[in-house]
Amino acid sequence: RLIVSGQPRPGLEKGSSNDLEMSVRFLNTDGSNLDPGRLPQGKDFIAEVKVTHPNTRLIRYEELALSQTFPSGWEILNTRMDGMNTGKESFYEYRDVRDDRVDTFFDLRPKKTSTFRVQVNAAYEGRFYLPATACQAMYDNTISAFRAGQWVEVVGADNS
């Protein structure tokens with residue numbers, strides 16, 4: 001058996017759902033919806049992902065891995081270090097915060113939804129690609145959900 005994985009070229013990803021549902025949205029710090037397609041430089045906002053067990057399998061999903069990769073023009077604000085609050089989040093077993101990505105590991109019971117939030121800053125001017133968001137079971141490749149990426153732009157104060 002051979003399993004090959006990789007990252008598709010920007011703009012060629014396709015969203016999919018296999019026994020797992022996922023939604024991604026971006027919020028202002030007050031909780032209102034935000035379009036990430038064009039952001040002013042210096043804007044703080046929240047990337048929110050909701051993962052739902054659709055109950056197509058009557059088992060608890062264990063060892064799910066949610067991978068959120070952010071464009072190079074955005075900076076992840078590590079709220080664990082500065083005490084910032086992004087709102088109510090679901091329990092997770094482990095979270096790995098890197099320069100360009102946040103990986104969150106958790107379990108999910110049938111008919112339940114977990115919500116995860118990451119605070120981000122639109123730091124650098126330019127046009128960047130926001131890669132796909134993925135959630136999948138680490139030991140069962142038949143359980144997964146992907147949301148396609150998109151192009152985003154960070155504009156300076158004189159261009160907004």
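A salt bridge needs a side-chain nitrogen of Lys or Arg within 4 Å of a carboxyl oxygen of Asp or Glu. Keep in mind that this is a predicted model.

Q: What makes Arg38 and Glu153 a salt bridge?
A: Their side chains meet at 3.2 Å, N to O, and the cut-off is 4 Å, so the pair qualifies. The pair also links distant parts of the chain: Arg38 sits in strand β4 and Glu153 in strand β14, 115 residues apart.

Q: Why is Arg38 called partly exposed?
A: Its relative accessible area is 43%. Buried would be under 20% and exposed over 50%, so Arg38 falls in between. Glu153 gets that label too, with 29%.

Q: How do you know that Glu62 forms a salt bridge with Arg60?
A: The closest N and O atoms are 3.8 Å apart; the limit is 4 Å, so the pair counts.

Q: What makes Arg60 and Asp107 a pair that ties together parts of the chain?
A: Their side chains meet in a salt bridge at 3.1 Å, N to O. Arg60 lies in the loop between β5 and β6, while Asp107 is in strand β9, so the link joins parts 47 residues apart in sequence. As for Arg60, its relative accessible area of 41% makes it partly exposed.

Q: Which residues are linked in a network of salt bridges?
A: Asp19, Arg57 and Asp140. Searching the whole structure turns up 10 salt bridges.

Technical notes
Residues numbered from 1 in each chain as written. Predicted model: local features only at pLDDT ≥ 70, side-chain atom pairs only at ≥ 80, totals over all residues. Heavy atoms only, no water. Helix = DSSP H or I, 4+ residues; strand = E, 2+ residues; numbered from the N terminus. Buried < 20%, exposed > 50% of the residue type's maximum accessible area, 1.4 Å probe, protein only.
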